[in-house]
Amino acid sequence: MGMRFWTSGAISLIKGKKVVAVALIAVLVIAFCARVAFVNADAQHLEVQTYEIGEKVDLDGSFLEYATENTAGYSIRVTGARIMSSREYAEAYGVVADVDDKLMSISQALGAGDSEGAPALDEKTEVVLDVEVANTDNDDGYLMALSWRLIPEKTRDAAFQPDFDLWGLANPAMGEQIGFTIRSGSSMSLHIPFKRDIVRPPLKSNGYSYIAVVQSESYYFQVSNVPVRRVVDLGVPERT
């Protein structure tokens with residue numbers, strides 16, 4: 001298969017005196033406001049390309065967050081989309097020996113099925129995409145899966161992100177990774193689960209978040225953002 005993976009890097013923190021910190025915060029606030037204004041203005045001129053399920057999406061160097069992805073030669077084709085439960089996904093695509101134990105561990109970590117209203121393993125909490133990824137001639141690039149998003153048409157501020165814990169049951173290496181590459185001149189098929197975490201108020205039991213139940217509505221899969229925003233119109237995924 002020829003996949004390689006990356007974990008997140010270290011983050012350095014700098015401490016300073018209160019006066020310096022206050023001044024720095026003020027500067028950062030001004031810079032942030034200016035950046036937001038710039039991004040909003042620039043977004044009006046962003047080229048957007050929309051694809052349908054089954055169409056090949058050539059990335060041509062476009063990326064979501066980091067230019068170092070170097071996606072020239074990479075392409076993505078979505079061949080299917082469906083709404084599933086965590087258990088259905090594990091039964092359909094799980095390859096690890098202890099699927100049931102890992103699935104229960106995922107459930108417990110998220111407080112699934114508890115009195116706070118978190119969904120159980122049989123609730124439809126995942127939008128699963130069948131995706132073909134190909135690399136024609138790139139020996140240096142990679143795909144930052146951490147940045148992939150599913151955007152609901154009705155509630156665009158409630159984006160879905162890859163469920164790496166569940167994905168790790170089908171592709172074990174993805175359970176601890178944020179991106180991958182495939183060998184030049186090869187392709188591979190993936191079944192990628194996407195979820196939307198709901199933050200639980202502080203001091204609640206069984207963790208601080210849970211997975212939202214998926215609503216039946218249209219979704220867009222955003223695969224690149226700059227310099228060309230490329231999205232796949234998924235329509236309303238079928239329920240298994």
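**Figure 1. Secondary structure of the predicted chain.** Four helices and 14 strands make up the secondary structure of the chain; helices (H or I, at least four residues) and strands (E, at least two) are DSSP runs, numbered from the N terminus. The model is a predicted one, in which local features need pLDDT of at least 70 and side-chain atom pairs count only at pLDDT 80 or more, while totals for chains, interfaces and linings use all residues. Residues are numbered from 1 along each chain as its sequence is written, and side-chain values use heavy atoms, with hydrogens and water left out. Of the 240 residues, 41% count as buried (buried is under 20% relative accessible area, exposed over 50%, partly exposed in between; 1.4 Å probe, protein chains only). Among contacts (heavy atoms within 4.5 Å) between residues at least 6 apart in sequence, 74% join residues at least 24 apart.

**Figure 2. Confidence along the chain.** The mean pLDDT (the predictor's confidence in each residue, from 0 to 100) is 78, and 71% of the residues reach 70 or more. Strand β3 (residues 56-58) has the highest confidence, at a mean of 98, and helix α1 (residues 18-43) the lowest, at 45. Residues 5-24 have a pLDDT below 50, and this stretch has 15 contacts in the model beyond near neighbours in sequence.

**Figure 3. The largest nonpolar core.** Let us step inside. A nonpolar core is a set of buried Ala, Val, Leu, Ile, Met, Phe, Trp, Tyr and Cys residues joined through side-chain atoms within 4.5 Å, and the largest one has 46 residues. Leu-129, Val-133, Trp-148, Trp-167, Phe-180, Phe-221 and Leu-234 have the most contacts inside this core. Among the elements that each supply at least two core residues are α2 (86-93), α3 (99-109), β5 (124-135) and β9 (186-195). Strand β4 gives the most, with six residues. Leaving aside residues up to four places away in sequence, the neighbours that Phe-221 touches include Ile-76, Val-78, Leu-129, Trp-148, Phe-194 and Leu-234. In soluble globular proteins, nonpolar side chains tend to be buried together.

Figure 4. Two cavities of 30 Å³ or more turn up in a search of the whole structure. A cavity is a set of points, on a 1 Å grid over the protein atoms alone, where a 1.4 Å probe fits but cannot get out; lining residues have an atom within 4 Å of a point. Grid points are joined across faces, edges and corners, and a volume is the space filled by probe spheres set on the points. The second largest cavity holds about 40 Å³, and its lining includes Leu-59, Ser-62, Phe-63, Trp-148 and Val-223. Seven nonpolar, two polar and one charged residues form that lining (Ala, Val, Leu, Ile, Met, Phe, Trp, Tyr, Cys and Pro count as nonpolar, Asp, Glu, Lys and Arg as charged, and the others, Gly among them, as polar).

Figure 5. Ser-62, in the loop between β3 and β4, is buried, with a relative accessible area of 2%. Beyond residues up to four places away in sequence, Ser-62 touches Thr-71, Ser-224, Val-226, Pro-227, Val-228 and Arg-230. Val-226 and Pro-227 are joined by a cis peptide bond with omega of about -5 degrees; Pro-227 lies in the loop between β12 and β13.

Figure 6. Most residues other than glycine have a negative phi, and most peptide bonds are trans. Asp-60, in the loop between β3 and β4, has a positive phi of about 50 degrees and is exposed, with a relative accessible area of 58%. Asn-70, also placed in the loop between β3 and β4, has a positive phi of about 50 degrees and is partly exposed, at 31%.

Note on methods:
On a 1 Å grid over the protein atoms alone, a cavity is a set of points where a 1.4 Å probe fits but cannot get out, and a pocket is an open set with protein on both sides within 12 Å along at least five of seven lines; lining residues have an atom within 4 Å of a point.
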